[in-house]
Amino acid sequence: MKLFFVLALVLGSLSFASLAGEQAVIGYIELPKVLDSKLKSSPYNRLIDELLARIDLPYSTQFVSSGRANALMHQGRLDCIFPVVPGGYQRSVPTILSDTTNNVSVHLFSAKPPGFTSLKEMEDKVIVYSRGMYFGDLFRKNKNIKFLAVDTEAIAIKLLLKNRADAYLAYYPDIKLSLDKEQYQQLVFDTKEPVAVSEDKLECADNAKNKAFIDKFNKELDKMKASGELKLILGDYFNF
């Protein structure tokens with residue numbers, strides 16, 4: 001009887017491991033009011049929920065930090081990460097990327113005119129940014145500039161408005177949603193003068209299971225783009 005019980009436990013564990021291996025495990029990177037663990041009506045929450053509902057493949061999701069996501073992918077415990085901007089990530093495993101879910105751009109937001117449109121203007125200035133946000137190789141290429149990480153966007157904006165920082169490095173259109181209207185309107189920047197431009201994508205470890213998953217993801221995403229549904233779902237976040 002005891003042998004049967006132990007055998008049942010082992011078989012159950014093997015079955016669970018097999019199921020976990022078959023499904024695509026997706027790590028979400030928290031973006032306030034864009035992909036938000038506490039606000040399910042956020043545009044990327046709605047978009048990914050709709051896309052995953054149309055993909056006839058098993059999956060599971062969890063919110064993780066960027067650093068944690070990279071470690072989990074390396075350990076084979078995470079198949080995909082969303083959203084990512086392509087280029088610059090130092091992954092320990094080969095990866096593949098989906099089609100673009102939205103265009104994004106990096107800007108220097110200031111509290112007073114005329115504002116800044118280039119990092120060349122910032123050599124004697126202080127730039128704050130939200131800890132955990134990823135900006136590709138901007139920091140590596142501009143080691144002569146003082147970049148100061150702060151824990152939250154609220155702290156960054158407070159430092160900016162009190163003139164304790166010269167600029168806030170952040171993404172557009174993300175900031176349009178993450179700040180309230182009054183704060184957003186206080187910022188000086190030009191949408192046509194970004195420091196860098198990129199796209200949001202889904203990134204997955206390169207294997208047969210994930211290739212099949214991304215193929216279906218892209219197919220449904222393309223349908224949404226063609227029909228105008230993507231624009232409706234993303235609303236003010238839409239940036240094509």
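A salt bridge is taken here as a side-chain nitrogen of Lys or Arg within 4 Å of a carboxyl oxygen of Asp or Glu. The structure is a predicted model, in which local features need pLDDT of at least 70 and side-chain atom pairs count only at pLDDT 80 or more, while totals for chains, interfaces and linings use all residues. Residues are numbered from 1 along each chain as its sequence is written, and side-chain values use heavy atoms, with hydrogens and water left out.

A search of the whole structure returns 10 salt bridges. One of them joins the side chains of D151 and R131, with an N to O distance of 2.9 Å. Because D151 lies in the loop between β7 (146-150) and α5 (153-161) and R131 in the loop between β6 (126-130) and α4 (138-141), this pair ties together parts that are 20 residues apart in sequence; helices (H or I, at least four residues) and strands (E, at least two) are DSSP runs, numbered from the N terminus.

D79 is placed in the loop between α3 (66-74) and β3 (80-84), whereas K209 belongs to helix α8 (residues 208-227), so the pair ties together parts that are 130 residues apart in sequence. D79 is buried, at 8% relative accessibility, and K209 is partly exposed, with a relative accessible area of 25%.

The side chains of D137 and K141 also meet in a salt bridge, at 3.3 Å from N to O; D137 is partly exposed at 31% relative accessibility, and K141 is exposed at 58%.

Helix α8 was examined along its length. At its start, a side-chain oxygen of N207 reaches to within 3.2 Å of the backbone nitrogen of K209. The buried residues of α8 are N210, F213, I214, F217, N218, E220, L221 and M224. An α-helix has 3.6 residues a turn, so residues three or four places apart point the same way. After α8 comes G228, whose phi is positive, near 90 degrees.

Conventions
Buried < 20%, exposed > 50% of the residue type's maximum accessible area, 1.4 Å probe, protein only. Polar contact = N/O pair within 3.5 Å; in protein donor to acceptor, adjacent residues only side chain to side chain.
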